[in-house]
Amino acid sequence: MKKFLFITFLAFSQLLLAQSTGTLKGILSDGETNNEPLPFANVLIKGTAMGTTTDFDGNYTLNVPAGSHTVVFSFLGYKTIEKPITIAAGETVTINQILSAEEGVSLEEVVIMSAASRESVSALLLEQKKATVIKESIGAQTLSKIGVSDAATATTKISGVTKSQGTGDIFIRGLGDRYLSTTMNGLPVPSDDVEKKNINLNLFSTDIIQNVGISKTYTTSGYADQASGNVDVVTKDYSKKEYTVGINGGTNTNVLGYDGDFRTTITNNDVSLGFHKKQYALQDLISRQGWDTETISAQPINYSGSLSAAQKFEIFGKDLSFYVSATHSKSYDYYSGEFQSFRQNRSDNKFSDVESFTTKTNTSGYVNFKLKLNDANSFKFNTLFVNKSSNNLYEQGRNGLGFVYDQDPQQDGAFVRDQNFKQTTMVINQLIGKHDLNENNTLTWAGGYNFVLAEEPNRIRNEVNILDVASSSEIQFAHVGDYQQRKSTQKIEDVEYNAYVKNNWKFGNLNEEGDKPFALNYGVNYRRKERDFKSQAIGVLARNYKAPSVDELSSTFVQSNFDNGLNLRIGEVDLFSGELNVLAAFTDFNFTLNEKFSGNLGLRFERDEINVSWDVANYVGRIGNTSKTYENLFPSLNLKYEVAENQYIRFATSLTQTLPEFKELSPFEYVSPTGRVSKGNPDLEKSDVVNVDLKWEFFPSRGEVFSVTGFYKNIKNPINLAQSRGSSGNFIFYNTGEKATVKGLELEARTSFIKNEDDDTVLGFNANLTKMWFSQDLDDVFQYKGKTESNLQGASDLIANGSLSYSSNKEKEFVATLTGNYSSDKVFALGSPEDFVNSATLYNDEIIEKGFVSLDLVLSKELTDRLSVKLVGRNLLNPEIKQTQFVRNVNTEIETNETVSNYKQGVQLTLGVKYAF
């Protein structure tokens with residue numbers, strides 16, 4: 001009876017309290033970031049202890065006694081707003097408020113917390129939650145904790161994304177380079193590699209990254225040349241006054257044994273800080289510069305240094321801010337392994353002692369200026385300068401056991417050395433403007449100018465035979481062709497102009513959140529890309545010439561020998577040039593039909609014109625050209641429905657395309673250090689892609705998300721790299737069939753196991769898993785041993801990423817993060833028959849790149865408010881990077897799985913110190 005009376009008393013008290021209070025609610029917005037929701041701001045009733053903070057979406061709700069009060073809205077560094085309210089019992093009052101930077105307070109002294117919000121986990125999840133399209137991002141805050149140093153590695157922390165350890169290529173949902181697009185702040189950026197469509201994301205260091213986003217579904221404001229997604233690198237701008245300096249040092253465990261004898265190319269003598277200074281013309285390099293390698297006298301230690309500064313000024317009453325960053329790094333890599341290749345199920349070459357010595361540098365400078373004329377008009381200017389170099393010495397056959405089929409003077413004892421210094425200089429310039437014409441109309445525009453210069457100024461290649469390794473180190477120069485002893489040069493120059501203009505017009509009656517339910521976006525895109533390519537080789541025919549050893553080749557290439565039998569072969573210059581012109585108009589309509597259902601419907605007209613001309617030795621008649629013009633409509637539909645609080649269902653479908661790249665169309669042959677030859681195909685046509693996605697998302701609390709996504713792609717005329725028929729063994733790009741399909745399922749979980757009293761994550765877990773099913777039909781010319789279907793080139797059917805992170809969330813914070821990645825086997829190159837009649841036995845099977853697990857550990861500690869230290873261990877498991885190929889023994893007819901190549905990259909250990917002034 002006493003319990004019953006007590007419960008009745010409590011219920012009656014709550015009823016009386018409810019009858020004497022009202023509800024105050026609303027949304028606080030951030031005036032410094034385009035009126036985005038402002039989380040964690042304070043809402044207080046003046047003169048009382050009653051208050052609350054805004055949630056993840058800027059919402060607040062507060063029970064207030066009936067009567068007249070003053071409500072106080074505040075946020076660190078922002079102007080405090082007080083508003084009088086009168087509220088009746090049982091009444092709900094809605095007040096939406098915009099908070100902006102404090103007036104009269106020195107901007108140098110105030111840290112505007114939300115200005116850096118696009119770097120934080122919570123803010124990026126908020127953006128993902130509010131977006132209509134399916135988009136995922138990773139910010140600078142997370143990148144710092146997990147020890148990521150560049151944009152390429154950053155993308156692998158997003159579900160469905162993996163990176164090839166062998167090539168550095170990024171794969172989204174199993175689709176590689178040609179199916180992606182890359183932008184910086186929404187504008188296209190050029191490739192730094194003749195072999196690739198997209199830029200190497202390793203060039204973007206995390207010192208300049210605000211966040212990296214991947215849009216896996218398409219909206220019509222973007223270029224249609226993206227089948228699997230778009231990678232957008234958003235660069236940093238001013239968030240607070242800061243001056244920082246960082247120093248890092250470390251090593252690769254594969255390099256530790258080389259103290260004073262780490263080998264490098266002879267071109268290293270002409271390189272300073274990653275910049276090459278040409279000493280001689282190519283022909284003079286034959287006799288005036290040696291052919292033998294060099295050694296680095298000191299222990300090779302990886303190091304890097306960085307400087308950054310950010311400041312904000314007021315000039316003539318206008319806000320001008322800047323952020324600048326400069327970095328320089330140098331690293332050393334070494335691996336040993338094996339390599340072999342097969343033709344018609346017979347060994348073509350075989351080496352059991354491959355060695356690779358690489359020295360890399362990266363020098364970058366980034367400048368950002370932002371001018372805010374007033375609340376309605378602002379301009380942003382970005383300049384990124386990057387100079388990277390890679391100095392690679394590759395050898396195979398030093399042990400005297402190498403084999404090359406049909407080599408002259410002999411097949412056994414084959415030895416190959418390839419010395420190649422590559423330097424890429426890139427400049428990206430962008431000017432971006434934003435204008436609020438009125439409260440309902442916003443005009444944005446941007447223009448870009450990009451320049452890339454990629455050079456191989458002095459590539460040296462020698463192919464020789466160690467005559468009898470058991471008795472002597474003496475070698476004889478191989479002479480099947482005129483260019484087995486050669487020096488060559490290659491130069492690529494890209495110039496690109498791009499721009500867009502986009503207008504956003506909002507209309508309709510205001511909803512409860514203070515937003516208008518409809519918006520019409522429309523605009524135009526323009527892009528012009530030009531490429532000039534030049535390559536020349538000068539060979540030496542050294543028939544019957546010998547040298548004491550593989551380390552004493554220079555003694556042969558002297559003027560006296562050229563006067564007495566050595567023959568110089570001056571190759572004609574190989575050239576190709578390309579032009580890409582894209583002009584597009586687009587419109588899309590954003591709609592919010594009610595508080596639960598919203599979407600985006602768009603249409604794009606795009607005209608793509610590709611012109612490529614060439615003058616190359618391996619093309620009959622040398623001179624040729626191809627022109628392709630495509631005019632298409634590209635529709636898109638994105639829908640979003642809130643099934644419950646913080647739970648959403650998203651649906652997206654679109655039509656996109658994949659355009660062939662210049663190099664894929666030009667028949668120029670490029671020889672890799674291993675001897676693999678890749679070549680373009682002028683008959684290549686674009687691929688058309690139908691995309692469908694269905695996603696469920698749940699955001700249980702700040703910084704947490706769970707999601708399940710199913711997706712489907714139908715690719716018409718898929719493009720693949722395949723092995724060609726014939727003795728050349730080239731790898732050529734083809735439309736290998738009529739269609740390919742991709743079906744997939746993505747699972748993602750980002751949660752907190754342990755939180756402190758302030759709701760900050762102490763122990764957090766992030767994992768994603770992507771399972772895919774691929775199928776593509778094969779044209780008759782690619783069918784062998786009854787094989788009529790295959791997987792897509794470069795596609796892993798299982799990708800898993802995960803991280804476990806601990807943070808003390810206290811003064812002098814300690815953070816520990818363990819991250820792991822797995823990608824399953826993928827096709828490196830499709831196979832093909834050598835003979836249609838005997839395709840069951842005479843064929844070259846597909847080459848498979850084996851899957852592996854990688855593991856990284858990052859430990860960081862704040863020693864003082866300004867000084868921090870970080871220890872990073874990458875590739876801790878040091879897995880074997882391996883390619884395999886099934887080979888059918890021509891005698892026994894038994895098929896075995898043979899190793900094509902394998903090596904280990906080593907464990908990278910780095911210790912860094914950072915100081916903020």
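Analyst: Gladly! Contact here means heavy atoms within 4.5 Å. Leaving aside neighbours within four places in sequence, Glu661 is in contact with Lys196, Lys197, Lys529 and Arg531. Please keep in mind that this is a predicted model.

User: Where is Glu661 placed, and why is Glu661 called buried?

Analyst: Glu661 is in the loop between strand S37 (647-658) and helix H7 (662-665). Its relative accessible area is 11%, and buried means under 20%, so Glu661 is buried.

User: What makes the pair Arg531 and Asp494 a salt bridge?

Analyst: The closest N and O atoms of Arg531 and Asp494 are 2.9 Å apart, and the cut-off is 4 Å, so the pair counts as a salt bridge. The pair links distant parts of the chain, with Arg531 in strand S31 and Asp494 in strand S30, 37 residues apart. Both Arg531 and Asp494 are buried.

User: What makes Asp797 and Lys771 a salt bridge?

Analyst: Their closest N and O atoms are 3.4 Å apart, and the limit is 4 Å, so Asp797 and Lys771 form a salt bridge. Asp797 lies in the loop between strand S46 and strand S47 and Lys771 in strand S45, so the pair ties together parts that are 26 residues apart in sequence.

User: Why does Asp797 count as partly exposed?

Analyst: Asp797 has 29% relative accessibility; partly exposed lies between under 20% for buried and over 50% for exposed, so Asp797 counts as partly exposed. Lys771, with a relative accessible area of 28%, is partly exposed too.

Methods: Residues are numbered from 1 along each chain as its sequence is written. This is a predicted model: local features need pLDDT of at least 70, side-chain atom pairs count only at pLDDT 80 or more; totals for chains, interfaces and linings use all residues. Side-chain values use heavy atoms; hydrogens and water are left out. Helices (H or I, at least four residues) and strands (E, at least two) are DSSP runs, numbered from the N terminus. Buried means under 20% relative accessible area, exposed over 50%, partly exposed in between (1.4 Å probe, protein chains only). A salt bridge is a side-chain nitrogen of Lys or Arg within 4 Å of a carboxyl oxygen of Asp or Glu.
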